[in-house]
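Have the sequence and the 3D view ready, and follow along as we go.

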Amino acid sequence: MTSTLTISRLTKSYQGVNALSDVSLAVAPGERVALLGHNGAGKSTMMKVILGLIPYDSGEVSVTGAAPGSGEARRKVAYLPENVAFHPALTGLEQIRHYLALRGESASLAMGLLERVGLAHAAKRRIGTYSKGMRQRVGLAQALIGQPRLLVLDEPTSGLDPVSRRDFYALLDELVAEGAAILLSSHALTEVEARTDRIAILSRGRLVAEGPLADLRRKAALPVTMTVTARNGYAPQIAAALPRGIQAGPTLRLTCAQEEKLAVLGTITGFGDKVADLEVQPPSLEDIYTHFSRRDGQ
């Protein structure tokens with residue numbers, strides 16, 4: 001399948017300092033890729049290159065089969081920044097109608113777009129009365145104009161309450177099902193952990209890790225945490241079989257390497273109904289992100 005976004009050996013420097021160094025990444029139709037990195041890692045630079053806002057020094061970038069910033073690419077790409085800005089005197093409906101006109105689209109589509117982002121009830125209110133989360137949803141409605149093939153989202157859930165965040169990701173699921181490709185930058189690691197297909201980690205301008213979360217867990221080889229709760233009276237027996245564990249009352253907490261996980265689980269399940277409960281916690285995305293960033297010297 002041809003990728004919607006293809007970046008190959010991309011390098012960009014500012015006054016002799018590399019903001020991006022030899023970065024390669026692709027996003028396929030119907031795929032969600034989370035772009036992670038510390039402040040100054042190169043995320044904003046990469047997004048600006050993709051959008052055609054700045055030139056790059058070397059490498060190749062293809063956006064929907066066209067050069068970034070070209071008319072063809074602009075027609076098929078949408079961007080949502082972290083902090084959107086709209087005219088406070090316009091209503092949400094008037095603002096979206098204005099953007100539709102700029103794109104040569106029918107103004108009659110405006111209400112449907114606002115409905116899709118959950119703003120139909122406030123469509124005729126002035127944007128100056130909107131909360132930050134509501135303004136963010138206006139930005140998302142604007143980004144959906146023209147059925148974009150690639151959405152570039154920079155901290156898109158900033159200012160959204162938990163329910164609105166859930167609705168936002170549900171909308172992304174719909175767009176992905178329709179074949180859109182999504183590149184999403186976020187510091188909300190717990191959000192993107194379950195909401196993206198692949199993770200790309202930038203550190204000091206270099207792509208230090210990339211792949212599905214399960215693959216990154218294997219590459220990082222971080223320990224797995226297990227919490228065993230014994231039935232009354234059996235905690236000492238279980239603790240004796242798992243000497244590396246730390247016991248607190250009926251609960252035993254231990255960590256083990258990935259390759260030891262199945263053996264340890266076998267030992268625990270061998271106790272049968274002497275075990276009241278068992279929790280297995282794999283390394284979180286935050287653990288994995290920290291691991292790869294530190295490995296790069298952060």
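## A helix to start with

How many residues does helix H5 have, and how far does it reach from its first C-alpha to its last? Helix H5 covers residues 132-143, so to speak a run of 12 residues, and it reaches 17 Å, close to the 16 Å expected at 1.5 Å a residue. The expected span here is 1.5 Å times one less than the number of residues. Helices (H or I, at least four residues) and strands (E, at least two) are DSSP runs, numbered from the N terminus.

H5 is mostly covered, with 9 of its 12 residues buried. Buried means under 20% relative accessible area, exposed means over 50%, and partly exposed lies in between (1.4 Å probe, protein chains only). Among the buried ones are Gly-133, Met-134, Leu-140 and Ala-143. What do the buried residues of H5 pack against? Their partners are strand S5, helix H3 (92-102), helix H4 (110-116) and helix H6 (162-177); contact means heavy atoms within 4.5 Å.

## What you're looking at

This is a predicted model, where local features need pLDDT of at least 70, side-chain atom pairs count only at pLDDT 80 or more, and totals for chains, interfaces and linings use all residues. Residues are numbered from 1 along each chain as its sequence is written, and side-chain values use heavy atoms, with hydrogens and water left out.

The pLDDT is the predictor's confidence in each residue, from 0 to 100. The chain averages 91, and 98% of the residues score at least 70. Confidence is lowest in helix H7 (residues 189-193), with a mean of 84, and highest in strand S4 (residues 58-63), at 96.

## The whole chain

Count up the secondary structure and you get 11 helices and 13 strands. The C-alpha trace spans about 75 × 50 × 35 Å along its principal axes. Of the 298 residues in the chain, 45% are buried. Take the contacts between residues at least 6 apart in sequence: 69% of them join residues at least 24 apart.

## The six-stranded sheet

Now find the open sheet of 6 strands, ordered S5-S6-S7-S3-S8-S9 with mixed pairing. Two strands pair if DSSP finds at least two bridges between them. At the edges sit S5 (77-80) and S9 (206-211), each pairing on one side only. On average, neighbouring strands are turned by 15° against each other, direction ignored. Axes are lines fitted to C-alpha atoms, for helices over the stretch in contact, and angles run from 0 to 180 degrees between N-to-C directions.

Helix H1 (residues 43-50) packs on this sheet, touching S3 (32-37), S6, S7 and S8 (198-203), and its direction makes about 150° with that of S6. Helix H8 (residues 213-220) packs on the sheet too, touching S8 and S9, at about 115° to the direction of S9. Strands S6 (residues 150-154) and S7 (residues 181-185) run parallel, joined by 5 bridges, and Leu-150 stands opposite Ala-181.

## Zooming in on S8

Why is S8 largely enclosed by the rest of the structure? Because 6 of its 6 residues are buried. In a regular strand the side chains alternate between the two faces of the sheet. Arg-198, Ala-200 and Leu-202 are buried on one side of S8, and Ile-199, Ile-201 and Ser-203 on the other.

S8 pairs with S3 in the parallel sense and with S9 in the antiparallel sense. Leu-35 stands opposite Ala-200, while Ile-201 faces Ala-209 in S9. The hairpin of S8 and S9 has 2 residues between the strands, and Arg-204 there takes a positive phi near 50°.
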